[in-house]
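The sequence and structure come first.

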Amino acid sequence: MWSVRAAAAAAAAGRGAAFRARGLAAAREPGELELGPREALECDVCVVGAGPAGLASAIRLKQLDDSLAVTVLEKGGEVGAHVLSGNVLEPRALDELLPGWREQGAPAGVEVSEEASFFLAAGGGAVPLPTPPPMHNAGNRVVSLSRLVRWLGERAEELGVEVRGGVSRSITHTPNPP
Ligand SMILES: Cc1cc2nc3c(=O)[nH]c(=O)nc-3n(C[C@H](O)[C@H](O)[C@H](O)COP(=O)(O)OP(=O)(O)OC[C@H]3O[C@@H](n4cnc5c(N)ncnc54)[C@H](O)[C@@H]3O)c2cc1C
């Protein structure tokens, strides 16, 4: 169990960051396991998970306010390690977040050039079907999401985001005391 009291006391002694993220460690109450020294990270915003959503949030926060201390904690050993999906990417959000991302060395995959739908019959054979409008992918990109996320992690770090992999356990955060 975490000792909220110990974490709050530590935060009260800190330099006044809005949030304090902690790795699993030794906030001990009587009878608790001793797990070694506690690690503390001070930051204004702590994002849990370096997937596309977490990294995009961190990048946007730094774009809006460079003075914010933003940390991203990822349970995978490195960014992208737990993002396994191949992906048809609708690139509008990325165009808005990082204009010109395709030309900046991003693993942008290939653009969908044609598409088709088939009904696969049990006995073999494929019957062509019209592709329903929501499944149209013209202009979208076929990418490795893992590689794209790794690239986003690098962009985040360039903006000053602290990205930490291998944070695989529970995390407590202690709001800044008044
Ligand atoms: C097989 C498959 C195919 C898909 N195909 C498509 C597609 O073609 N097109 C499309 O748009 N979308 C597709 N998706 C969906 C797309 O992958 C997700 O919408 C997208 O990855 C969600 O992004 P996210 O950042 O919210 O979460 P995730 O990508 O799941 O990232 C979450 C991250 O948080 C980390 N994490 C989780 N818990 C913790 C914790 N406690 N502490 C620290 N880190 C933590 C994880 O390791 C991971 O890196 C597909 C998904 C799958 C599984």
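## Sheet, helix and ligand shell

Strands β6 and β9 (residues 141–144) pair in the antiparallel sense over two bridges; strands pair if DSSP finds at least two bridges between them. Strands (E, at least two residues) and helices (H or I, at least four) are DSSP runs numbered from the N terminus. The model is predicted: local features need pLDDT of at least 70, side-chain atom pairs count only at pLDDT 80 or more, and totals for chains, interfaces and linings use all residues. Residues are numbered from 1 along each chain as its sequence is written.

In this pair, E111 stands opposite R141 of β9. The open sheet has three strands in the order β5-β9-β6, with antiparallel pairing. Its edge strands, β5 and β6 (110–111), each pair on one side only.

Helix α2 (residues 52–64) has 13 residues, which at 1.5 Å a residue should span 18 Å; its end C-alpha atoms are 18 Å apart, which agrees. Its buried residues (20 or more other C-beta atoms within 10 Å of their own, C-beta atoms being placed from the backbone) are G54, L55, A56, A58, I59 and K62.

The cover over these buried residues includes the following elements, where contact means backbone-placed C-beta atoms within 7 Å.

| Element | Residues |
|---|---|
| β3 | 45–48 |
| β4 | 70–73 |
| α3 | 92–97 |
| α4 | 145–158 |

Of the 18 residues around the ligand, G49, G51, A53, K75 and H82 come nearest; a residue is near if its backbone-placed C-beta atom lies within 6 Å. Elements giving two or more residues to this shell are α2 and β5 (86–89). Helix α2 gives the most, with three residues.

Methods: Expected span 1.5 Å × (residues − 1). Buried ≥ 20, exposed ≤ 12 C-beta atoms within 10 Å, placed from the backbone. Contact = placed C-beta atoms within 7 Å.
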